[in-house]
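Grab the structure and work through these exercises in order. Each one sets a task, then walks through the solution.

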Amino acid sequence: MVVETWPAEAEAPPPPEGELFLDAVLSPNRSLPNPGFAALMAVVVAISFAAGIVFFSIGAWPIPFFFGIDVLLVWLAFRISYRDGRRRELIRIDRRHVFVHRRHPNGQVRHYVMPTAWVRAAVADRGEHHAQFSLSVRGRALVLGSFLSPPEREDLADAVALALARAKAPQEAGGAPV
């Protein structure tokens, strides 16, 4: 397990200079769009209401309140999930720096800047469900894509490692990347 120890920058760094070797935006997967959520909630409410009426009619009057609580908890769980879906990580790699901009679900933004020449991309426990992708420099680490599935984290690690290798490669005499 990698512990995140890279400090966040107080203010936004300057935009990347020159050619970008990677410009990626990461966001959590959302499997149920808003119309699907409305349909699901309509079905849950209808079933709970019908079951509540049945229990009320046989004299078990407290039971419909529990069905109402169930509907509220399902709605609350989806609201929390959709709120978490607003999370974003932007990764940009140029020849000099690796920029990571992380937006949390509450809207808070953190910026991380690392020197490209010293950054190392690594996946802890590759192939396992709990695999973690991190960028590290001199013992400090930044975990990225924690909300992605394990195969997506490994694909991200491969893409970042390739971009880092291209960014670290020496330029030709004309100044163009190799």
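**Exercise 1. Classify R92 by its accessibility, then find its charged partner and say what the pair connects.**

Step 1: R92 has a relative accessible area of 24%, so it is partly exposed; buried means under 20%, exposed over 50%, partly exposed in between (1.4 Å probe, protein chains only).

Step 2: The partner is D23, and the closest N and O atoms of this salt bridge are 3.1 Å apart. The term needs a side-chain nitrogen of Lys or Arg within 4 Å of a carboxyl oxygen of Asp or Glu.

Step 3: R92 sits in strand β2 (residues 88–93) and D23 in strand β1, so the bridge ties together parts that are 69 residues apart in sequence. Helices (H or I, at least four residues) and strands (E, at least two) are DSSP runs, numbered from the N terminus.

Step 4: D23 has 45% relative accessibility, so D23 is partly exposed too.

A word on the model before you go on: it's predicted, so local features need pLDDT of at least 70 and side-chain atom pairs count only at pLDDT 80 or more, while totals for chains, interfaces and linings use all residues. Numbering runs from 1 along each chain as its sequence is written, and side-chain values use heavy atoms, with hydrogens and water left out.

**Exercise 2. How many salt bridges does the structure hold? Work through two further ones.**

Step 1: The count is six.

Step 2: One of them pairs E19 with R166, with 3.9 Å between the closest N and O atoms. E19 lies in the segment before β1 (22–26) and R166 in helix α3 (residues 150–168), so this pair bridges parts 147 residues apart in sequence.

Step 3: Both ends are partly exposed: E19 at 36% relative accessibility, R166 at 40%.

Step 4: R126 and D158 also meet in a salt bridge (3.4 Å, N to O). This one links R126, in the loop between β5 (120–124) and β6 (132–137), to D158 in helix α3, 32 residues away.

Step 5: Salt bridges that share partners join R126, E154 and D158 into one network.

**Exercise 3. Describe helix α1: its span, its buried residues and what follows it.**

Step 1: Helix α1 covers residues 34–57, which is 24 residues. From first C-alpha to last it reaches 34 Å, close to the 34 Å expected, where the expected span is 1.5 Å times one less than the number of residues.

Step 2: The buried residues of α1 are F37, M41, S48, A51 and G52.

Step 3: As a reminder, an α-helix has 3.6 residues a turn, so residues three or four places apart point the same way.

Step 4: The cover over those buried residues of α1 includes α2 (63–84).

Step 5: After α1 comes G59, with a positive phi near 100 degrees.

**Exercise 4. Zoom out: which order do the elements follow, and what are the overall dimensions?**

Step 1: The protein has three helices and seven strands, and along the sequence they read β-α-α-β-β-β-β-β-β-α.

Step 2: The C-alpha trace spans about 85 × 30 × 30 Å along its principal axes.

Step 3: The radius of gyration is 23 Å, whereas a compact globule of 178 residues would be near 16 Å. That value is taken over C-alpha atoms, and the globule rule is 2.2 Å times the number of residues to the power 0.38.

Step 4: Buried residues make up 32% of the 178 residues.

Conventions. Contact = heavy atoms within 4.5 Å.
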